[in-house]
Amino acid sequence: YGSAHAGFQGAYGGVESILKEKLQAESGRGLQIWVTGHSLGGALASLATTTIMGHIKTDSSYSLRGIYTYGMPRVGDTEYAEQIELGYETYDVRAMRFRNGDDIVTQVPWQWMGFRQTGHLMHLRGEGAFEFDPIEQDPGDTAENAGALADHSIPTYYARIAAFFTAPYQELGHRCTY
């Protein structure tokens with residue numbers, strides 16, 4: 001799947017064997033797997049999907065249904081991003097990457113270092129306002145894209161997502177198929 005940031009890969013190494021054991025133990029049960037995480041947890045979720053998709057190649061008794069990340073940093077290089085997106089397409093995985101305002105964590109490691117984002121961007125723009133498919137999927141490394149650290153907090157993510165599912169946005173949320 002290309003190259004991942006060494007720090008994220010090192011952190012994932014601490015849980016990868018546990019995930020592999022669990023996948024083997026659950027084989028044959030027809031489970032549908034959803035992976036999620038915030039910040040570093042989002043990066044680890046992304047890496048976990050590579051392990052899960054690798055197992056699905058040889059054991060189709062379960063499926064990876066989706067990955068939802070919140071404030072996820074850029075995990076890997078261009079090849080990583082392309083290969084993981086291809087895997088999401090191949091296995092019909094709903095890959096949703098939530099970005100709150102100008103959350104700076106979603107903008108590191110820097111693009112000029114070769115890192116890219118993965119997943120369909122759900123950009124939280126304010127109370128109840130989403131952009132489902134903005135032109136700028138992965139903003140560049142410029143000062144105007146560096147947001148306040150407050151945009152990274154879980155309570156802020158929660159409040160903005162919860163506002164989306166209150167009237168008048170609730171009906172739109174029920175129609176959202178991605």
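## Basis

The model is predicted: local features need pLDDT of at least 70, side-chain atom pairs count only at pLDDT 80 or more, and totals for chains, interfaces and linings use all residues. Residues are numbered from 1 along each chain as its sequence is written, and side-chain values use heavy atoms, with hydrogens and water left out.

## Salt bridges in the structure

Four salt bridges are found when the whole structure is searched. The term stands for a side-chain nitrogen of Lys or Arg within 4 Å of a carboxyl oxygen of Asp or Glu.

Glu26 is buried, at a relative accessible area of 15%; buried means under 20% relative accessible area, exposed over 50%, and partly exposed in between (1.4 Å probe, protein chains only). The Glu26 side chain forms a salt bridge with Lys22, at 3.1 Å from N to O. Glu26 also pairs with Arg29, where the N to O distance is 2.3 Å.

Lys22 is partly exposed, with a relative accessible area of 48%, and Arg29 is exposed, at 57%.

## The Arg99 and Asp102 pair

Another salt bridge links the side chains of Arg99 and Asp102, with 3.6 Å from N to O. Arg99 is buried, at 3% relative accessibility, while Asp102 is partly exposed, at 28%.
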